[in-house]
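Have the viewer ready and follow along.

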Amino acid sequence: MTDITKDAIAPPRSFLSQDAIQLFYRLLAALLICAVLAVLSDSFLSLGNILNVLRQASLTFFIASGLTLVVLTAGLDLSVGANVALSACIAGTVIHKTGSPALGILTGLACGGIVGLLNGIMVTALRIPSFIATYGMLWVLNGLTYWYMAGETLHGFPAGFRQIGSGYLFGLPIPVYLLLVFLGIGTLFAQRTIWGQEIYAIGANPVAARLSGIPVARRLLLVYTVSGTMAGLASIIFLSRLNSAEADIGESLTLPAIAAVLIGGTSLFGGVGTVFGTFIGALILTLVLNGMNLLSVSANWQPLVTGIIVILAVWLDMKTRRRTQ
Amino acid sequence: MSDALPIEVTSPTPLLELRGISKEFPGVKALDDVSFAIYPGEVHMLLGENGAGKSSLMKVLCGAYRADSGEFYHKGEKVAVNSTADAQKLGIAVIFQEFSLVPYLDIAQNIFLGREPKGRIPGTIDRRQILVDARRVLGTIGFDIDPSTTVDKLGVAQQQMVEIAKAISQNARILVMDEPTAALSDRETELLFALIARLKADGVSIVYISHRMAEVFALGDRITVLRDGRRIDGVRPADVTPDQLVRMMVGRNVDMTYPRHFAAKPGEVLLEVKGLTAPTGISDINIEVRRGEIVGLCGLVGSGRSEVARAIFGADPVTSGEIVFDGKTISGEPDLATRRGIALIPESRKSEGLALLRSVSDNLVVSALRKLFPSGLFDQRRAQRTSDGLIRQLRIATPSARQTVGLLSGGNQQKVVIGKWLAAGSKLFIFDEPTRGIDIGAKSEIFALIDRLVAEGAAALMISSEQVEICHVCDRAYVMREGRIAGHLTRNELTEENIVRLGMHHA
């Protein structure tokens with residue numbers, strides 16, 4: 001076998017990795033959408049609008065970034081939206097009761113993290129498929145939130161707290177800074193730590209990963225907890241930006257987050273994808289919806305367009321990957 | 001290059017002839033100007049190491065791959081084969097190693113899948129007719145079974161018969177079989193050979209891919225040897241010896257007696273298993289492995305050998321008993337065993353040993369992440385350097401460490417699995433069928449590697465169904481029967497007869 005003649009095997013054709021190529025395509029697509037919108041709409045390129053797009057994208061990204069890690073392990077977390085709602089309501093109550101935003105923020109993050117940990121326990125210890133475990137969790141969380149809020153709305157939070165979601169620093173919205181920080185942390189975690197490597201290995205083949213000595217259960221617990229905690233973070237941004245909390249705020253969050261992950265090139269079968277891709281996915285999704293608003297397209301069309309983009313992105317992804325392999 | 005005709009040539013025109021077939025994949029020339037003729041009623045053995053191009057040729061033959069260049073001639077006339085449907089029309093059928101049967105449908109439905117006789121009500125199947133048809137087809141191949149039995153109740157050999165029946169029902173004249181005896185018992189193999197003789201008598205041609213020398217000579221009318229995508233030679237069994245065939249396959253002389261340097265005195269005890277019992281069906285297992293030793297674990301398939309390996313590694317739960325490794329009791333998940341220095345090279349390397357879509361490098365460092373990067377920070381260049389070193393050391397044939405591991409041949413994939421544990425610095429290597437599906441050249445390399453490992457102070461526990469291999473390389477061996485250790489054989493007692501005698505059921 002070792003004497004395979006040299007000409008039988010050519011060197012790899014590209015010096016760029018598959019992931020880099022896929023990210024490049026996505027950036028190109030995002031730029032293309034920008035160019036089209038800039039031509040079609042005068043207000044698209046205004047500073048206010050661009051900052052608005054980034055702020056919107058950041059909200060989707062916080063939820064989608066944690067979700068990306070889950071999807072990389074070939075799992076899914078359907079409870080993220082419901083988790084945001086519960087965490088926001090609990091954090092909001094704590095701020096109202098204690099007057100301390102810091103305590104509220106910690107509670108929100110902790111609530112999100114605990115929900116994630118419970119998801120992780122269901123997936124690892126009880127061996128319930130993540131799709132079903134987190135789907136059940138979605139209902140449980142919705143139930144808890146509705147019962148807890150009993151139709152009430154929390155509103156009126158301290159001005160300092162509201163700065164997190166709606167304030168500016170050196171001309172940029174604060175969520176955009178948070179976006180950059182978590183994009184950096186997420187990318188470093190996935191690409192530059194051994195835990196990140198282990199997560200990719202688990203997604204690529206969970207059986208082989210376990211038999212290669214990777215503590216699969218512990219890594220999955222970590223990944224679901226991170227996903228939950230990122231939902232907790234998103235809940236704080238929401239609470240602070242909307243200056244109110246209701247039981248139903250999470251209902252429109254899960255599916256766009258999954259869309260961002262998929263448009264970003266992370267495979268639902270696990271082992272393939274990047275956090276940066278998810279950022280671009282969130283950006284593309286937000287850009288398109290923003291463009292539709294600017295062009296006065298009825299909001300009723302938005303779900304349809306989102307669906308088409310997801311299908312198109314995944315199809316192109318499969319096509320280009322197949323060709324380069 | 002001679003192209004010997006079958007012994008009893010009835011027609012000088014081949015039933016099917018492939019001329020100058022080439023097929024290239026990114027990075028690999030799978031087939032290079034291969035010509036190949038099949039005459040009516042012959043058994044044509046296709047030989048070659050893994051990666052020699054047998055599978056590619058088979059896939060071109062059945063229309064699954066389209067050749068980059070080359071021509072097909074059917075009974076002397078040029079034909080185009082661009083799809084599996086084209087190949088089917090020419091009467092070509094393939095029995096793959098992985099069967100393509102639907103487990104919850106019955107035999108009759110599987111045979112006529114997609115071609116069911118229609119019932120009177122549109123959309124229904126004529127149940128009576130399909131059973132009659134199925135019985136007739138099963139009769140022609142001499143397979144006596146109720147066609148309304150669902151396929152999931154059948155053994156491997158019976159499923160294979162259903163596949164053959166399905167091919168025959170489609171008027172197959174050329175039957176391509178990929179290592180058909182790999183999963184069969186001796187008795188089942190005999191039945192299959194009888195069926196092949198019967199099909200042959202009916203004028204059906206068989207293209208038979210095999211790794212077993214004995215069946216090449218028992219069955220073959222002609223032999224075609226492939227190597228590195230090229231046709232090396234076509235010969236008749238009467239004109240060659242097994243050694244000559246092996247040389248054609250590997251292109252160099254291979255030492256069939258595996259190299260082994262037995263240590264004068266084994267080292268200290270590395271692994272001690274005491275009274276191990278597990279819910280997977282093993283009970284009261286007592287095993288000792290010393291440094292410098294290769295200890296065999298033999299027995300029939302299903303006697304509990306893999307279960308012992310998995311229990312030691314922590315992959316399956318344990319009911320009672322103790323595992324002492326390197327002086328310390330160990331119980332836990334595989335990650336603990338890995339940290340302590342135990343390595344498992346599992347039987348099924350594709351599903352349990354490798355992440356096929358990841359790179360060679362990713363797979364090589366996966367068990368050594370903590371060792372290579374104690375700070376927890378991963379460094380791609382460092383991983384690459386480590387991998388490059390292992391690729392050189394193990395002579396893994398890959399264009400680079402970035403190559404997708406699934407694109408390597410079986411032997412090279414196995415080397416990656418072993419390399420993973422070398423990187424991790426393991427002390428005890430548990431091999432579960434390390435040479436399954438691996439060609440002869442890679443086999444002796446892998447044994448040389450195991451020999452070197454134990455000479456350097458590691459130890460190996462080796463499960464193998466190839467008793468010759470056990471006898472050649474092991475210091476001693478345990479023989480299992482029905483979940484228990486049935487006996488222990490020292491180096492002097494280690495013979496195939498003794499292994500079989502201890503491993504047999506005494507019903």
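Keep in mind as you look that the model is predicted.

Now zoom out to the sheet around that pair. It is an open sheet of four strands from chain B, with antiparallel pairing and the order β2-β1-β4-β5. At its edges sit β2 (28-38) and β5 (77-79) of chain B, each of which pairs on one side only. On average, and ignoring direction, neighbouring strands here are turned by 25 degrees against each other. Across β1 (16-25) and β2 of chain B lies helix α1 (residues 54-61), which runs at about 60 degrees to β2(B).

Next, move along chain B to strand β6 (residues 92-95), which is covered on both faces. In a regular strand, side chains alternate between the two faces of the sheet. Here B:Ile92 and B:Val94 are buried on one side, and B:Ala93 and B:Ile95 are buried on the other. The partner of β6(B) is strand β7 (residues 174-178) of chain B; the two run parallel and four bridges join them. One of the residues to look for is B:Met177 in β7(B), the bridge partner of B:Ile95.

How far can you trust the picture? Chain B has an average pLDDT of 88, and 95% of its residues score at least 70. Residues 1-9 of chain B, however, fall below 50, although this stretch has 16 contacts in the model beyond near neighbours in sequence. Where pLDDT is low, the predicted coordinates should not be read in detail. For the complex, the predictor gives an ipTM of 0.86 and a pTM of 0.76.

Note on methods. Residues numbered from 1 in each chain as written. Chains lettered and ligands numbered in written order. Predicted model: local features only at pLDDT ≥ 70, side-chain atom pairs only at ≥ 80, totals over all residues. pLDDT = per-residue confidence, 0-100. Contact = placed C-beta atoms within 7 Å. Buried ≥ 20, exposed ≤ 12 C-beta atoms within 10 Å, placed from the backbone. Pairing = 2+ DSSP bridges. Axes fitted to C-alpha atoms, helices over the stretch in contact; angles between N-to-C directions.
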